[in-house]
Amino acid sequence: MNDMLLAIEPQIAALRRYARALVGNAATADDLVQDCLEKAVSHWHQRRDGDPRPWLFAILHNLAVSQFRRQAARGPHVAIDDAGEHDLRQDAVQENQLICRDVLEKLSRLPEELRAVLLLVAVEDLSYAGAAAVLGIPIGTVMSRLSRARERLQQELMGTRSAAKAPVQLRSVK
Amino acid sequence: MNQRPISEDDLNAHVDGVLEEERRAEVAAYLDGHPDVAARIAAYSAQRELLRSALAPIADEPLPPQLNLRRLIENRRRPRPSWGAAVAALILVFIGGLAGWGVRGAVQPPGAGLAALAQEASYSFGVYAPDRVRPVEIRATDSEQLVQWVSNRLHQPVKVPDLTNSGYRLMGGRLVATSHGPAAMFMYDDDRGQRLVILTRPMQTDQNKPMAPLSGDSVSGFAWADDGLGYGLVGQATPEQLKPIADDARRQMRAI
């Protein structure tokens, strides 16, 4: 029990950050992290030895994906909660950094699978193999998604995507 | 030159700083000779730093009580109410409702004074304190929003007392319905996960009342009224433990 506390507790802050950046809403994200922690505690004996981070992030990510699916099934839906003060943008305003607000807003426009890879690798410092384990995809796919995520986010930041949505979609079909 | 060609993967690994020393030098040399690629990679590195600093504050936020791992482990040890028990409780409530309908008119209308408030506080404790999923509507992290909300709905400024001196942390609160209109409920818990609630609402009668103990089957608490607002504090601790907390809460909530 003590080794479980020591292994999980230091990761909670990072799990929260990943969840919030992935789903965009603080309350939803914290609910996901709570579910993740409960699952981690009850399945602790099933983890493999070594770094617990990929295991924890995988639990969290799978919960987030189920959440996205439920949302998609319900159709586009903005919970009243979303109108609250604690979404990403507002937090960034409190930081009084317009530039941060901008990058987070643009990050939220990336497709979820690109956003996940970028966050795991560039923000949470998971190895490429670790990110592959979290997402249940081959490393090659991690690399190509990482590349696309960076390219897309850069286009967003340069403001070149807003006018070019349709052509980009066509290009990805080729 | 028998060097492997520089791939997009190498460039990304360069941005993430995970290349072996030798390969890193090769990529650096490649970038020196390809200013357009170097510019793109520099932009990706800047983007990486930007993301990290934009998201760093989230990890610095204090953890809300429901993400307290020790507490989650503690809660797991307690048996959860089973579905069977929940269904049985619902059936009882239904039967109770029918019985109540049968004797309608025979019972006295509930008092509007302090006794009614104490009853409402016990009900709120009974309903929300055992709730594992969403005991409160607005969490302590948004306490400003909570205070504003309930003050608006009660048309009175309401203050949330700080009970940390007694070992109880604010979890959050919600608006609850009573037969005397909306009431604000605040919930607290201590390190062992023991919860208490404070319920407050405007009083039509008993606008000022000294503190009186209330007793229930498994809960205890105190009720009082100051300047038109009534308060009920209910918990599972003993009356001796709750009395100083109630005194503290009264002192703080009166000071508006």
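What follows is a set of questions about the terms used for this structure, with answers.

Visitor: What kind of model is this, and how are residues and chains labelled?
Guide: This is a predicted model, in which local features need pLDDT of at least 70 and side-chain atom pairs count only at pLDDT 80 or more, while totals for chains, interfaces and linings use all residues. Residues are numbered from 1 along each chain as its sequence is written, and chains are lettered from A and ligands numbered from 1 in the order in which they are written.

Visitor: How many helices and strands does chain B have, and how many does chain A have?
Guide: Helices (H or I, at least four residues) and strands (E, at least two) are DSSP runs, numbered from the N terminus. Counted in that way, chain B has eight helices and seven strands. Chain A has ten helices and zero strands.

Visitor: Which residues of helix α1 of chain B are buried, and what do they pack against?
Guide: B:L11, B:N12, B:A13, B:H14 and B:V15 are the buried residues of α1(B). They pack against α9 of chain A, and against α2 (21–33) and α3 of chain B. After α1(B) comes B:G17, with a positive phi near 65°.

Visitor: Why is α1(B) called oblique to α3(B)?
Guide: Two packed helices are described by the angle between their axes and the distance between the axes. Axes are lines fitted to C-alpha atoms, for helices over the stretch in contact, and angles run from 0 to 180 degrees between N-to-C directions. Helix α1 (residues 8–15) of chain B and helix α3 (residues 35–60) of chain B pack at about 40°, with axes 9 Å apart. That angle makes α1(B) oblique to α3(B). Angles under 35 degrees count as roughly parallel, over 145 as roughly antiparallel, 65 to 115 as roughly perpendicular and the rest as oblique.

Visitor: What is the handedness of this crossing, and which residues meet there?
Guide: The crossing of α1(B) and α3(B) is right-handed; a crossing is left-handed if the near helix is turned anticlockwise from the far one by less than a right angle, and right-handed if clockwise. On the α1(B) side are B:L11, B:H14 and B:V15, which meet B:I41, B:Y44, B:S45 and B:R48 in α3(B). Two residues are in contact if their C-beta atoms, placed from the backbone, lie within 7 Å.

Visitor: Why are α9(A) and α1(B) called roughly perpendicular?
Guide: Helix α9 (residues 139–158) of chain A and α1(B) cross at roughly 70°, and their axes come within 10 Å. The two helices, α9(A) and α1(B), are therefore roughly perpendicular to each other. Their crossing is left-handed. A:M143, A:L146 and A:S147 of α9(A) make the contact with B:E8, B:D9 and B:N12 of α1(B).

Visitor: How many residues does each chain give to the contact between the chains?
Guide: Chain B gives 28 residues and chain A gives 37 residues. On the chain B side, α1, α3 and α4 (69–77) are the elements that give two or more residues. The largest share, 13 residues, comes from α3(B).

Visitor: Why is strand β4 of chain B described as largely enclosed?
Guide: Seven of the eight residues of β4(B) (residues 195–202) are buried, so this strand is largely enclosed by the rest of the structure.

Visitor: What makes β4(B) a partner of β3(B) and of β7(B)?
Guide: Two strands pair if DSSP finds at least two bridges between them. Strand β3 (residues 181–189) of chain B is joined to β4(B) by six bridges, and the two run antiparallel. With strand β7 (residues 229–235) of chain B, β4(B) pairs in the antiparallel sense over seven bridges. In that pairing B:I198 stands opposite B:L233 in β7(B).

Methods:
Buried ≥ 20, exposed ≤ 12 C-beta atoms within 10 Å, placed from the backbone.
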